[in-house]
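This briefing is meant for a reader who is meeting the structure for the first time. Please keep the sequence and the model in view while reading.

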Amino acid sequence: MRVLLTESTARALGARVRAVDPGAEIVALGLDGTLTLDDRVSLDREHTGVEAAWATNDLYEESRLLRPFFGLVRRLDTLVWFQSQAAGYDDPIFGELIRKGVLFTKSDVHRVPIAEYVLRAALDHVQRVTEWRVAQAERSWRRHQLGEIDGSGWVVIGLGPIGLEVARLAQAFGAWVVGVRRHPSRDEPVSEVVTPDRLFTVLPDADVVALCAPANASTAHLVDERFLARMKPGALLVNIARGSLVDEAALLRALDTGPIGAAALDVFETEPLPRDSPLWTHPKVSITPHNSATSTGQLRRQEELFFDNLARLLADEPLRGVVTVADLD
């Protein structure tokens with residue numbers, strides 16, 4: 001199989017690719033946009049013969065690689081399988097590949113750092129960590145009463161691998177967790193499961209609302225004025241899904257006048273978040289730069305997923321994380 005990798009990934013993991021597939025040929029994309037076959041032969045971009053492509057994290061860290069990589073992938077008529085490094089598949093390029101019949105697999109290896117991010121945000125909120133930081137800066141010995149996750153109510157919207165990991169950790173801290181899912185299986189490891197039509201009946205009891213759903217037509221501006229008005233006074237909203245799930249103007253109004261207590265946001269409608277966005281300076285908002293999935297452990301799990309799927313593909317076995325046209329629709 002002929003596999004497209006970035007040059008740095010080819011150097012680091014090329015031997016492992018050949019260990020899984022001794023006949024593999026590796027097409028490496030260099031920082032200057034050139035393509036080489038097995039470190040020897042320069043390739044014409046129109047005749048690469050690539051059958052598998054792996055979108056690794058370094059594509060996004062070295063942004064000048066993105067355009068040549070995805071430009072090539074979109075034009076390939078030989079591509080059989082595409083392994084994404086992301087859990088989401090709302091990027092139009094991904095939908096284009098899936099509709100063309102390319103076997104597309106997503107990655108849910110980010111579930112660990114993202115779930116830990118959500119728990120950290122919740123702990124910061126209930127323990128009022130900001131007050132300690134202000135007191136420390138002032139060298140002032142001020143104590144305050146802490147809240148607890150134990151006994152709190154959570155609503156986790158979206159029970160894919162990330163949502164389930166969030167729910168697992170929250171329950172380990174003693175929280176009552178209600179999961180929201182379009183098609184419940186009735187064996188989800190949460191306290192209760194409801195369908196989206198019942199969301200507004202459970203929101204008023206939630207101390208923490210975690211957005212873990214994919215971005216699609218049904219979730220666009222899911223968090224709007226009606227949603228925010230139903231939230232429990234003082235509750236925390238955490239968004240680690242996609243910025244499109246939240247109407248940011250409505251959120252700002254609710255933070256100023258409504259019941260919501262705080263928001264921890266890792267994703268935004270426009271990224272990077274514009275410097276003039278009022279979210280930056282709002283006292284009830286915690287901002288991180290779409291960073292919740294980035295951890296040392298997820299890199300190792302990305303590799304394990306790719307090589308497992310490569311072996312499955314060669315053995316004609318079902319792959320992990322397949323996204324279909326039905327999922328898009």
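The model is predicted, so local features need pLDDT of at least 70 and side-chain atom pairs count only at pLDDT 80 or more, while totals for chains, interfaces and linings use all residues. Residues are numbered from 1 along each chain as its sequence is written, and side-chain values use heavy atoms, with hydrogens and water left out. The structure holds 19 salt bridges, and its largest nonpolar core has 34 residues.

**Salt bridges**

- A salt bridge is counted where a side-chain nitrogen of Lys or Arg is within 4 Å of a carboxyl oxygen of Asp or Glu.
- Helices (H or I, at least four residues) and strands (E, at least two) are DSSP runs, numbered from the N terminus.
- Glu165 is buried at 13% relative accessibility, whereas Arg168 is partly exposed at 48%. Here, buried means under 20% relative accessible area, exposed means over 50%, and partly exposed lies in between (1.4 Å probe, protein chains only).
- Arg181 and Glu188 form another salt bridge, at 3.0 Å from N to O. Arg181 is partly exposed, with 23% relative accessibility, and Glu188 is buried, with 9%.
- Asp308 and Arg312 are joined by a salt bridge of 2.9 Å, N to O. They are four residues apart in helix 11 (residues 296-314), and therefore about one helical turn separates them. Asp308 is partly exposed at 25% relative accessible area, and Arg312 is partly exposed at 25%. Through salt bridges that share partners, Asp308, Arg312 and Arg320 form one network.

**Buried residues around Gln302**

- Gln302 is found in helix 11 and is buried, its relative accessible area being 3%.
- Which residues does Gln302 touch, not counting those up to four places away in sequence? They are Trp54, Asn57, Ser84, Gln85, Ser107, Val109 and His110, a contact being heavy atoms within 4.5 Å.
- Gln302 and His110 are 192 residues apart in sequence, and their C-alpha atoms are 8.7 Å apart in space.
- Asn57 is placed in the loop between strand 5 (52-54) and helix 2 (58-61). Asn57 is buried, with a relative accessible area of 16%. Beyond residues up to four places away in sequence, Asn57 touches Gln85, Gln298, Leu299 and Gln302.

**Nonpolar cores**

- In soluble globular proteins, nonpolar side chains tend to be buried together. A nonpolar core is a set of buried Ala, Val, Leu, Ile, Met, Phe, Trp, Tyr and Cys residues joined through side-chain atoms within 4.5 Å.
- Within the largest core, the residues with the most contacts are Val155, Ile157, Val209, Leu211, Met231 and Leu251. At least two of its residues come from each of strand 8 (153-157), strand 9 (176-180), helix 8 (199-202), strand 11 (208-211), helix 9, helix 10 (248-257) and strand 13 (262-265). Helix 10 supplies the largest share, five residues.
- Another core, of 30 residues, lies apart from it and includes Val190, Ala210, Cys212 and Ile240.
- Met231 lies in the loop between helix 9 (225-230) and strand 12 (236-239), and it is buried, with a relative accessible area of 3%. Leaving aside neighbours within four places in sequence, Met231 is in contact with Leu203, Val209, Leu236, Leu237, Pro259 and Ile260.
- Met231 and Leu211 are 20 residues apart in sequence and 13 Å apart in space, C-alpha to C-alpha.

**The second largest pocket**

- The second largest pocket holds about 360 Å³ of space. On a 1 Å grid over the protein atoms alone, a pocket is an open set of points where a 1.4 Å probe fits, with protein on both sides within 12 Å along at least five of seven lines; lining residues have an atom within 4 Å of a point. Its volume is the space filled by probe spheres set on the points, which are joined across faces, edges and corners.
- Of the 18 residues that line this pocket, Asp124, His125, Thr130, Ala262 and Pro283 are the closest to its centre. Helix 5 (111-126), helix 6 (129-137), strand 13 and strand 14 (285-287) each give two or more residues to the lining.
- The lining residues divide into eight nonpolar, four polar and six charged. In this division, Ala, Val, Leu, Ile, Met, Phe, Trp, Tyr, Cys and Pro count as nonpolar, Asp, Glu, Lys and Arg as charged, and the others, Gly among them, as polar.
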